[in-house]
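Subject: Structure for your review

Dear colleague,

Please find below the structure that I am handing over to you. My findings follow it.

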Amino acid sequence: MARIDSMTLIADEKIIKKLKPHWVVLIPVILIFVIFTTVYGLLMAWVLNETYDIWMDILGWALTIIWFFSTLLLTIKRIIWWATTKYLFTNKRVVTRTGLIKVQGESIALNKIQSIQFEKTLLERLVGSGSLLIESAAENHIVITYVTHAEEIQQQLYAQISSNEDGAGVDNSV
């Protein structure tokens, strides 16, 4: 599991905020699961109500295999991504970690950040989430998707960067 803990921190670094993707990211996969399972149930009811025939038996197994691979695997993959994705904001950098078996991570030092952009779709505005694009001087970037209160985090990161530049210490408001 993609863990972010004190082992991840560098010297004099303090965790300001830990986040994970907003639950809204699960809505599409839940809808897919419900729709596909309903269609599967209706088709299986039809197959089972037909007179016994080897072809109906094969059709039933084929429907089960198609339902399993198209629904369960897609749904489980997204749920695992959601459960293992973590975003960490410290007084020195922004860190992302994701993955269960293959763990991937990115980080950008706050003093290297050139711009922070946020984006909100209509659904994200309704549920209070959004995405952040954090760009650094080295032309690499981190995209933080489905984060709660993206616009506020953008402002708080700018305040932390300003605080670090002024030498005022750590702003714990992020």
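Two residues are said to be in contact when heavy atoms lie within 4.5 Å, and a residue is called buried when its relative accessible area is under 20%. Please note that this is a predicted model.

Helix 4

The buried residues of helix 4 are A150, I153, Q154, L157, Q160, I161 and S163. An α-helix has 3.6 residues a turn, so residues three or four places apart point the same way. The buried residues of helix 4 pack against strand 1 (15-19), strand 2 (86-90), strand 3, strand 5 (113-119), strand 6 and strand 7. The length of helix 4 agrees with expectation, because its 17 residues should span 24 Å at 1.5 Å a residue and its end C-alpha atoms are 24 Å apart.

Helix 1

Helix 1 covers residues 27-49, which makes 23 residues. From its first C-alpha to its last, helix 1 reaches 33 Å, close to the 33 Å expected at 1.5 Å a residue. Its buried residues are V29, Y40, M44 and V47, and helix 2 (54-84) is included in what covers them.

The largest pocket

The largest pocket holds about 160 Å³ of space. Strand 3 (93-98), strand 4 (104-109) and strand 7 (141-148) are the elements that each give two or more residues to its lining. The lining consists of W81, T85, Y87, T96, R97, T98, Q104, G105, E106, V143 and T145. Sorted by class, three of these residues are nonpolar, six are polar and two are charged.

N140

N140 is found in the loop between strand 6 and strand 7. Is N140 buried, partly exposed or exposed? It counts as partly exposed, because its relative accessibility is 37%. Leaving aside residues up to four places away in sequence, N140 touches I108, I134 and E135. The C-alpha atoms of N140 and E106 are 10.0 Å apart in space, while the two residues are 34 residues apart in sequence. E106 is also one of the residues that line the largest pocket.

Confidence

The protein chain has an average pLDDT of 84, and 91% of the residues score at least 70. Confidence is highest in strand 6 (residues 129-136), at a mean of 91, and lowest in helix 4 (residues 150-166), at 85. Over residues 169-174, pLDDT stays under 50. For that stretch the model has 19 contacts beyond four places in sequence.

With kind regards

Note on methods: Residues numbered from 1 in each chain as written. Predicted model: local features only at pLDDT ≥ 70, side-chain atom pairs only at ≥ 80, totals over all residues. Heavy atoms only, no water. 1 Å grid on protein atoms, 1.4 Å probe; cavity = no way out; pocket = protein on both sides within 12 Å on 5 of 7 lines; lining within 4 Å. Points joined across faces, edges and corners; volume = space filled by probe spheres on them. Helix = DSSP H or I, 4+ residues; strand = E, 2+ residues; numbered from the N terminus. Nonpolar A, V, L, I, M, F, W, Y, C, P; charged D, E, K, R; others polar. pLDDT = per-residue confidence, 0-100. Buried < 20%, exposed > 50% of the residue type's maximum accessible area, 1.4 Å probe, protein only. Expected span 1.5 Å × (residues − 1).
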